[in-house]
Number of protein chains: 2
Amino acid sequence: MSSEKSMTFGDAIDLSHHLSTLSRNRVPSPLKELQKYWGRPGIISLAGGLPSPEYFPFDAVKADGLFSSTFPATTAPQAKSTFSWLWDIFSASKVATTPITIPKFPEHSNDINLATYLQYSTAEGQPHLLKIVNELTTKVYKPAYANFQTMLHAGNTDGWLKAVNTLCNDGEGVLTDEWTYPSAIASMKPYGVNPVPVAMDGQGMSSIALREVLSSWDEKARRMPRPHVMYIVPVGQNPTGATMLSARKKEIYDICVEYDIIIVEDDPYYFMQEGPYVAPSRRTPCGTGRELGDEEYINSLAPSFLRFDYQGRVVRLDTFSKTIAPGCRLGWYTCNPLFAERLLRQAETSTQAPCGFGQSIVASLLIDWQYSGYLRWLKGLGSQYRLRRDFFIDCLASKFHLEFGSSVCNRFTGSLTYVAYSKLSRHGEKFVKKPLFSFMPPSSGMFVWLRFDFEGHPKVEELGPETLEKKLWIAMAEGGLLIGAGSIFAANPTDKTDGTVGHFRISFSNTEFDALKKAVDIMAQVLDKFYQDL
Amino acid sequence: MSSEKSMTFGDAIDLSHHLSTLSRNRVPSPLKELQKYWGRPGIISLAGGLPSPEYFPFDAVKADGLFSSTFPATTAPQAKSTFSWLWDIFSASKVATTPITIPKFPEHSNDINLATYLQYSTAEGQPHLLKIVNELTTKVYKPAYANFQTMLHAGNTDGWLKAVNTLCNDGEGVLTDEWTYPSAIASMKPYGVNPVPVAMDGQGMSSIALREVLSSWDEKARRMPRPHVMYIVPVGQNPTGATMLSARKKEIYDICVEYDIIIVEDDPYYFMQEGPYVAPSRRTPCGTGRELGDEEYINSLAPSFLRFDYQGRVVRLDTFSKTIAPGCRLGWYTCNPLFAERLLRQAETSTQAPCGFGQSIVASLLIDWQYSGYLRWLKGLGSQYRLRRDFFIDCLASKFHLEFGSSVCNRFTGSLTYVAYSKLSRHGEKFVKKPLFSFMPPSSGMFVWLRFDFEGHPKVEELGPETLEKKLWIAMAEGGLLIGAGSIFAANPTDKTDGTVGHFRISFSNTEFDALKKAVDIMAQVLDKFYQDL
């Protein structure tokens, strides 16, 4: 342990006043007394309500894991068509795999085995997987204090709800981005915990807007105390795709220190940092052909809030949903020991441990790959999503007339935005010059957030932007394209700030490339008709 | 659908007043509008935040499943040593298995595949598994109304917490057995929901005591409204091992109709119905040598509360923890459509779907086995636990002097109980005649509940039974045996009803037979010393 890391600020700063009444009411584990004897050699336990593993109806679980190097670590050079090699892999009848076997009983005492992983177990997770996520957290996120803790949870949505119950009381507010993950809001609202939206720009939450909200807080007018918890998706934000860089994170963290706020960092898209979008005409093979070294790769990523967290006020939610598979329902907390203990008590009385099949299979694959192999997999994944992001925006560029937007006419201050105009000419020159929508090509994640200013629409006064957004959504759906209507991502739907604007979230993550192309064709056709018909 | 089953009482009876404020506050799913278009042929979806399954790093998941006939369906006849064949199976280097393969992409559209099971999915569970649990519920539990619904959850502890949040408000009480599963209490208490213990006898909750509690309810004195929810473990009850038979269940159900109470039936030990214990001297091979037919087997089991549930007021919690493995974290609700919809909304904003690895592996095994094969597995499992139960109690009978207890001197009214006396003679005749403990051999489950009356202990007045229980627990642990101290199972630890009594829960489910025997030896030695030393 280095001298810097031996500082245990996570303990030294008293954060106990952030615990909710619900959380304080949780009783300590009744098993403590038992644990004193549990591991003793030769002791016979008839204490637990455990079925015999002899009766688990599996002799072994196996998996064919992909190689960590399955996907190129970098975007392929231009020489070859940008994504043609992708088809090579999946048109082959069989990808190369590495065999994973989890036996019922271990050959060596520390081996992953079904008798242990399919048994009742500690809610924080099995040691093999805990060790792996702890190593990842330490090496990749580099928390600014030493005694942080990691423990498994059943996916970030569950992780977030447990954080709400640990930190928030009925009648309190949580600071959120003005556009955010709907399930996060839907999770907390029934408990009487309401979102307090903060305005965003091209990097997500604005530090200026955050300070404004906090410094001008009027408890009486707002009918709630000043929030002491923040929920934030800082990379490839859902739904806007915004990514917050180092300087902004430091600003936000410092404000949270000043106003004593706990930051819950929900970061599922962290390893989908694709880098800036470059138009095809200016895209060169330089700089994309060499695989980054591990430390170089880590340094190329926007840092986690943990990197600035010298006080232990960040609860980070990591998940394997985007890097392995969503069906794992497997992720982990990184937070201070005080919160970790309360979260563990909560898991014990609800989800208990994440599924043992998932834990054992994921842990086995990661052990097979090793730390550096997992980073290799993540590099490949990032490149894959970069290809998808580039391809989708290239399609937009080919189907619409794109121009750089000025920073005045859009919300994405300081970021490169495009304004899309129709390429169809039959509306006459005047209409064609009207912008259809604007967007910021995301540097991370899987979403493109389209901003429609219906100002020029003939019926905007009559119908309003919300109805137009809905009509356009239905028109797209009837045309054969499903996208996300912006309104469902509003942290507070009644909190309208812009009179003629609607939004759509488009996900480029899970469709064949030809379907992505077809989707943009549909968009162009439907938009054309939409402005004709209404 | 038969004419009897077409009655949809679960809808016709209005149970909406049972929903908690929290549950009412949950918003409907925002995906409803999407679902209208979701399945349309040819439609392109860029709406979901789904990663591409091409990037799930598994080409296949496989398992070696045991045959459903791995264990004999009945207790082996006496001709062979009662459990010697058990060693035969596990001393063999390899058990016979059936290969299970879950490919990444389906060969036929309805096949179980990783691309679907490892993706985000509906929180109620994947169709294959839903169909299986629905068939089981219909054929085994035979609910008394037609439109019951089944949906998956992440194990009964999580299922119970979700039921609490759906049904109970802060400040309310829940009727429970006086001794019960500690996690169930620990789950609800932080939400301000407190247990209201009801006295038990040999069949678990007493209907007489239940009526007494309800009819004499004094809201002011109790400082809470009369409970409208019951939590009950009716088979192989944890910790007492009690099993409630048909007539008692009908009585309890009718009282719940009269007082408008929702019954949450947590029934993990349902298929561990081992039948009555018969002393070795009177044990005969007759009646245990023939495998029961499926319907005969089902009829031999104590019915679920669902069988009487003509009003849809039962929320049944089933789990695969004891029949497959606890690490599955997989079970299911059976309840009326109103509650099912609210529970689904709750799952969507917390755990989402249970783990896809677990769902796919368990579903594949059950599809391989088929319905009748699963019943065959359950018959074998029941026989296995019968062997264990018999073996453990045989050990008690050989190490202690057992006599039938009179129904007057114990709490297990109407049930066969044993009183255990020391076989050691050096204390002199007088002391030997003092009973050490009494117990009712359980007909189900994995627990034996020992009742110690410390009345005859020299220091009972000085120390009290709670301290003696703890001292005895420590003495056992120091002697090399861990068992469950009764006090941790008290629904309300401050609610003392008996001045000189302590309890211990012993689990015979997960220890080698020679260790079970050794455990009883330790018990005898420690008890001997315990009465000497103090």
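**Two chains and the surface between them**

Biologist: Which residue of chain A meets the side chain of B:E478 in a salt bridge?

Modeller: This is a predicted model, and the values are computed from it. A salt bridge needs a side-chain nitrogen of Lys or Arg within 4 Å of a carboxyl oxygen of Asp or Glu. Here the distance from N to O is 3.5 Å, and the partner of B:E478 is A:R40.

Biologist: How many salt bridges are there between chain A and chain B?

Modeller: Over all chains, the whole structure has 48 salt bridges. Between chain A and chain B, the count is six.

Biologist: Which residue of chain A forms a salt bridge with B:K62, and in which strand does that residue lie?

Modeller: The N to O distance in this pair is 3.1 Å, and the partner of B:K62 is A:D64. The pair crosses between chains, with B:K62 in strand 2 (residues 58-66) of chain B.

Biologist: How much area do chain A and chain B bury between them?

Modeller: The contact involves 110 residues of chain A and 110 residues of chain B. Carbon and sulfur atoms account for 61% of the buried area. The area buried between the two chains is about 9100 Å².

Biologist: Which three residues supply more of the area that chain A buries against chain B than any other three?

Modeller: Their share is 10% of the area that chain A buries against chain B. The three residues are A:L46, A:Y55 and A:L482.

Biologist: How many residue pairs are in polar contact between the chains, and which helix of chain A gives the most residues to the side that touches chain B?

Modeller: Between chain A and chain B, 57 residue pairs are in polar contact, counting pairs with both residues at pLDDT 80 or more. The helix asked for gives 13 residues to that side of chain A, and it is helix 14 (residues 356-399).

Biologist: How many residues on the side of chain A that touches chain B are nonpolar?

Modeller: That side of chain A has 19 charged and 28 polar residues. The nonpolar residues there number 63.

Biologist: Which residue of chain B is the bridge partner of A:S45?

Modeller: Strand 1 (residues 44-45) of chain A and strand 17 (residues 481-482) of chain B run parallel and are joined by two bridges. In strand 17 of chain B, the partner of A:S45 is B:L482.

Biologist: Why do the copies meet through the same surface?

Modeller: The answer lies in the interface residues of chain A. The copies meet through the same surface because the part of these residues that are also interface residues in chain B is 100%.

Biologist: Which peptide bond of chain A is cis, with omega about 15 degrees?

Modeller: The proline involved lies in the loop between strand 9 (229-232) and helix 11 (246-258) of chain A. The cis bond joins A:N238 and A:P239.

Terms used. Residues are numbered from 1 along each chain as its sequence is written. Chains are lettered from A and ligands numbered from 1 in the order in which they are written. This is a predicted model: local features need pLDDT of at least 70, side-chain atom pairs count only at pLDDT 80 or more; totals for chains, interfaces and linings use all residues. Side-chain values use heavy atoms; hydrogens and water are left out. Contact means heavy atoms within 4.5 Å. Buried area is the accessible area (1.4 Å probe) that two parts lose on being put together, summed over both. A polar contact is a pair of N or O atoms within 3.5 Å; within protein, one must be able to donate a hydrogen and the other to accept it, and residues adjacent in sequence count only if both atoms are side-chain atoms. Helices (H or I, at least four residues) and strands (E, at least two) are DSSP runs, numbered from the N terminus. Ala, Val, Leu, Ile, Met, Phe, Trp, Tyr, Cys and Pro count as nonpolar, Asp, Glu, Lys and Arg as charged, and the others, Gly among them, as polar. Two strands pair if DSSP finds at least two bridges between them.
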